[in-house]
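Please keep the sequence and the 3D view at hand while reading.

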Amino acid sequence: MADSFSAESPPALQAATVVIARPGDDGPEIYMLRRSAKSPFMPSTLVFPGGRLDPEDGTPDADATWERAARRECLEEAGVDLGGRPLTWFDTWLTPSAESRRRYLARFFLARLDRGEGDEARADGHETHEGRWSSIGTHLRAWDAGDVDLPPPTLCTLLQLERLGRTDAQLRQHFADEAPRDVILPKVLLRDGQVFIVMPHDPEYDAIAGDARPAPSRVHDHPMRFVRDERVWRPCSTR
């Protein structure tokens, strides 16, 4: 998938992210990792396993390359070997061009395990710590209490999963109907001493400086913008 940017835009690195889900008593359980406070990208945040494409994964213009990267990163970061288990590509995000150090073009995949599988999952102890299986609601309650930070793409994914319902069949059907090739590209807005992440369907999006993309239809399921409070990102209104 080719992407072009203005001369001022930092180049984007390709990455694959994996939402590992398994049935639980309170709906699907999702495995997440807390990034190290020393990480140069998204320190101290709760994230799904994932990372950059490596040359041995193949060329980025082949979909199979992204799947290989997703499986490799899942094993390296979380200790979960997905083997030949199907992966469902359901979303694609690009870091705003206002990010001066690192930008990622990231594909999000869903991997479904059976009940009780994945108990061997663990953080790598370097970039990530505190690996945890928890229900979607438990992850979101920890975020709402300010105990963990969730980057906007991760928060959008968890909120979406919560809305879709608790059964694995519902997740399969929804993501089978999705068309994730169109990229979600937010922008950064600084206003009155606050930092906002503005989504493509926000009324102010076009007027804000930075690389822009049209709003994919699936983005309308997400909040229009996020604001940074003292510790976490929060959805907020456009006013």
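## Aromatic pairs

The structure is a predicted model. Across the whole of it, a search finds 2 aromatic pairs. One of them joins Tyr 31 and Trp 133 in a tilted arrangement, with 5.3 Å centre to centre and 55° between the planes. Tyr 31 belongs to strand β2 (residues 29-35) and Trp 133 to strand β7 (residues 128-135), so this pair ties together parts that are 102 residues apart in sequence. Tyr 31 is buried, its relative accessible area being 2%. Trp 133 is buried as well, with a relative accessible area of 18%; the value for Trp 133 counts as buried because the cut-off is under 20%.

The other pair is formed by Phe 90 and Phe 108. Phe 90 lies in strand β5 (residues 87-94) and Phe 108 in strand β6 (residues 103-112), so the pair ties together parts that are 18 residues apart in sequence. Both Phe 90 and Phe 108 are buried.

## Charges over rings

Lys 187 lies over the face of Tyr 205, at 4.5 Å from the ring centre. Arg 225 is placed over the face of Phe 196, and here the distance from the ring centre is 5.6 Å.

## Cysteines

How many disulfides does a search of the whole structure find? The search returns 0 disulfides. Cys 156 is buried, at 1% relative accessibility, whereas Cys 236 is partly exposed, with a relative accessible area of 24%.

Helix α2 spans residues 136-144. Its buried residues are Ile 136, Gly 137, His 139, Leu 140, Ala 142 and Trp 143.

Which elements cover these buried residues of α2? The cover includes strands β2, β3 (46-47), β7 and β11 (233-236), together with helix α3 (152-164). After α2 comes Gly 146, which has a positive phi, near 80°.

Technical notes: Residues are numbered from 1 along each chain as its sequence is written. This is a predicted model: local features need pLDDT of at least 70, side-chain atom pairs count only at pLDDT 80 or more; totals for chains, interfaces and linings use all residues. Side-chain values use heavy atoms; hydrogens and water are left out. Rings of Phe, Tyr and Trp (its six-membered ring) pair if their centres lie within 6.5 Å; planes under 30 degrees apart count as stacked, over 60 as edge-to-face and the rest as tilted. Helices (H or I, at least four residues) and strands (E, at least two) are DSSP runs, numbered from the N terminus. Buried means under 20% relative accessible area, exposed over 50%, partly exposed in between (1.4 Å probe, protein chains only). A charge sits over a ring if NZ of Lys or CZ of Arg is within 6 Å of the ring centre and within 35 degrees of the ring normal. A disulfide is a pair of cysteine sulfur atoms within 2.5 Å. Contact means heavy atoms within 4.5 Å.
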